[in-house]
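Here is a short walk through one structure. Keep the sequence and the 3D view side by side as you read.

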Amino acid sequence: MERLDKFLSDSGAGTRSQVKLLLKAGRVTVDGRTEKDNSRKIDPDTQTVCLDGEVLGGKRRIVAMLNKPAGFVTATEDSVEKTVMELLPPQLRAMDVKPVGRLDKATEGLLLFTNDGDLLHRLISPKKEVPKVYYARHEGQAADADVAAFAAGLTLRDETVCLPAKLEPLGPGESCITVCEGKYHQVRRMMASRGMPVTYLERRKEGNLELGNLPRGAVRMLTPEEIEGL
């Protein structure tokens, strides 16, 4: 048994406060009867809950994509900095989603959120080798020796060992970097170790997902097919 307001919130109907308004307006039914008591206990396995006549399914797997702008830290809360959670609509925050991995404050681009702990672990685990593709603007120009060093696996100044990665020079001061792990400031540190400090960084792809034309700061839900591809 669980509270009706929690069930509605987990189903994506809105935050707890929004759900109370839906109930008060008589838009929710339980087994065909209008229900306005948010604290009522229901059994999701045996009872049917509807919002405006549409059957709700309770907590379900949610995966969303944000085109992260600079200036936000990847955290669920922070007492000083603005967090990426502030960019999500309230109904999505109410579904207990968490960021998948981390983009630093200055880095922009593709950032996933999910309430599926198993999927989150799979996407961030180096053992799963999920590729993450970044576009970088940087000082200098990547040479063949840099490409080879990335492919062999870099050892950084603090003895951090990086898995083999792909460096694709795009021209003077521009490169595409593909990594399969997410160590602290990894791409920036890898580029700096080769004398090419990064001035701008954007994640454009993760696994089979591409950022595409999603506007900066915007969020969209992944399709069932996209989620299966992950």
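An open sheet of 4 strands has the order 3-2-5-6, and its pairing is antiparallel. Strand 3 (33–34) and strand 6 (54–55) stand at the edges. Each has a single partner strand, so one side of each is left without a neighbour in the sheet. Strands pair here if DSSP finds at least two bridges between them. Helices (H or I, at least four residues) and strands (E, at least two) are DSSP runs, numbered from the N terminus.

This is a predicted model: local features need pLDDT of at least 70, side-chain atom pairs count only at pLDDT 80 or more, and totals for chains, interfaces and linings use all residues. Residues are numbered from 1 along each chain as its sequence is written, and side-chain values use heavy atoms, with hydrogens and water left out.

Strand 2 (residues 28–30) and strand 3 run antiparallel, joined by 2 bridges. Thr 29 has Thr 34 of strand 3 as its bridge partner.

Now turn to Thr 160. It lies in the loop between helix 5 (144–152) and strand 11 (166–171). Is Thr 160 buried or exposed? Thr 160 is buried, with a relative accessible area of 19%. Buried means under 20% relative accessible area, exposed over 50%, partly exposed in between (1.4 Å probe, protein chains only).

The side chain of Thr 160 makes polar contacts with the side chains of Asp 158 (2.8 Å) and Arg 189 (3.4 Å). A polar contact is a pair of N or O atoms within 3.5 Å; within protein, one must be able to donate a hydrogen and the other to accept it, and residues adjacent in sequence count only if both atoms are side-chain atoms.
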